[in-house]
Amino acid sequence: MDIAIFSPSSLFSEEDDTPTREENAETLENYVERKHQFPGMDLIIREFSFHQLNANLLWPGTFAFAEWLVQHSKCIEGRHAIELGSGTGALAIFLRKSYNLDITTSDYDDQEIEENIAHNCRANTIPVIPHIKHTWGDKFPNSDPDWDLIIASDILLYVKQYANLIQTISFLLKCYKPRDRKAVSPTLNDGDVVLPWPAFLMSWRRRIGKEDELLFFNGCEKAGLEVKHIGSRVYCINPIGNEKSNTET
């Protein structure tokens, strides 16, 4: 098996049950397997050879974001997180294995994506992470979202989806209802980063035009969201006026 950073290299056909010859052939056509290097560990991730919803590959932002989160791990300690545009689930799996982060994955309303994330969880010896099928802009399945941290990496590819994405982010942030507990302060010991509760934390590494990028950030501001660049192409977005670093229930 080759070790890759950003693109597929070999094939993955391991299943719980012994596959038939026909099933093996289908798996070889539909999936590729790679060993990806994350900070402190390698993950085996099965990816779609092709997926019409572009949920098939890991992009640079995933790895850059993982490194940033390792450097600022106290920002995620004690958080209840959801990842938008999870794709293969690799980042969520890394965070669960590294920090036992309470995290949920989410992506398009597509059964194959959910099943592949579950497969990758088992391949990396962790319990299957909870998953929510949701297409941006549609009504969110959970009417009372209680995730105090929303994360995403490299999800600004489709400009036509920005309005729908902003609608979903706005709902998750503005309709946030904390769990019945006192939230843990996310402040770092050195005080260089303080994340509000709730917050949307996004890493963006894929190149798009500056005008397109501004369409997203300006759209967030028009929706009543504040955008802050907090380093290494990582952005923090939260409702304007919400600067709390902890929450009392």
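**From a helix start to the cores**

Tutor: At the start of helix α4, a side-chain oxygen of Asp-110 comes to within 3.2 Å of the backbone nitrogen of Glu-112. Please bear in mind that the model is predicted.

Student: How many residues has helix α4, and what span does α4 reach from its first C-alpha to its last?

Tutor: Helix α4 covers residues 111-123, which gives 13 residues. At 1.5 Å a residue the expected span is 18 Å, and α4 comes close to that value, reaching 18 Å.

Student: Which strands and helix do the buried residues of α4 pack against?

Tutor: The buried residues of α4 are Ile-113, Asn-116, Ile-117, Ala-118, His-119, Asn-120 and Cys-121. They pack against β2 (31-38), β3 (41-48), α3 (90-99), β5 (102-107) and β6 (131-133).

Student: Which residue that follows α4 has a positive phi?

Tutor: The phi in question is near 55°. The residue that follows α4 with this positive value is Thr-125.

Student: Which element gives the most to the largest nonpolar core?

Tutor: The largest nonpolar core has 36 residues, and Phe-38, Phe-65, Phe-94, Leu-95, Ile-103, Ile-151 and Leu-201 touch the most other members. At least two residues each come from β2, β3, α2 (60-71), α3, α4, β7 (149-153), β8 (199-203) and β10 (234-239). With six residues, the element that gives the most is α3.

Student: How many residues are in the other core?

Tutor: This core lies apart from the largest one, and Tyr-162, Leu-173, Met-202 and Ile-237 are among its members. Its residues number 26.

Student: How are the rings of Tyr-162 and Phe-216 arranged?

Tutor: The ring centres of Tyr-162 and Phe-216 are 5.7 Å apart, and the angle between the planes is 70°. Planes over 60 degrees apart count as edge-to-face. The arrangement of Tyr-162 and Phe-216 is therefore edge-to-face.

Student: How many residues apart are Tyr-162 and Phe-216?

Tutor: Tyr-162 belongs to helix α5 (residues 162-174) and Phe-216 to helix α6 (residues 210-222). The pair thus links distant parts of the chain, with a separation of 54 residues.

Student: Is Phe-217 buried or exposed?

Tutor: Buried means under 20% relative accessible area. Phe-217 has a relative accessible area of 8%, so Phe-217 is buried.

Student: Which ring does Arg-79 lie over?

Tutor: Arg-79 is placed over the face of the ring, at 3.7 Å from the ring centre. The ring belongs to Trp-197.

Notes: Residues are numbered from 1 along each chain as its sequence is written. This is a predicted model: local features need pLDDT of at least 70, side-chain atom pairs count only at pLDDT 80 or more; totals for chains, interfaces and linings use all residues. Side-chain values use heavy atoms; hydrogens and water are left out. Helices (H or I, at least four residues) and strands (E, at least two) are DSSP runs, numbered from the N terminus. The expected span of a helix is 1.5 Å times one less than its number of residues. Buried means under 20% relative accessible area, exposed over 50%, partly exposed in between (1.4 Å probe, protein chains only). Contact means heavy atoms within 4.5 Å. A polar contact is a pair of N or O atoms within 3.5 Å; within protein, one must be able to donate a hydrogen and the other to accept it, and residues adjacent in sequence count only if both atoms are side-chain atoms. A nonpolar core is a set of buried Ala, Val, Leu, Ile, Met, Phe, Trp, Tyr and Cys residues joined through side-chain atoms within 4.5 Å. Rings of Phe, Tyr and Trp (its six-membered ring) pair if their centres lie within 6.5 Å; planes under 30 degrees apart count as stacked, over 60 as edge-to-face and the rest as tilted. A charge sits over a ring if NZ of Lys or CZ of Arg is within 6 Å of the ring centre and within 35 degrees of the ring normal.
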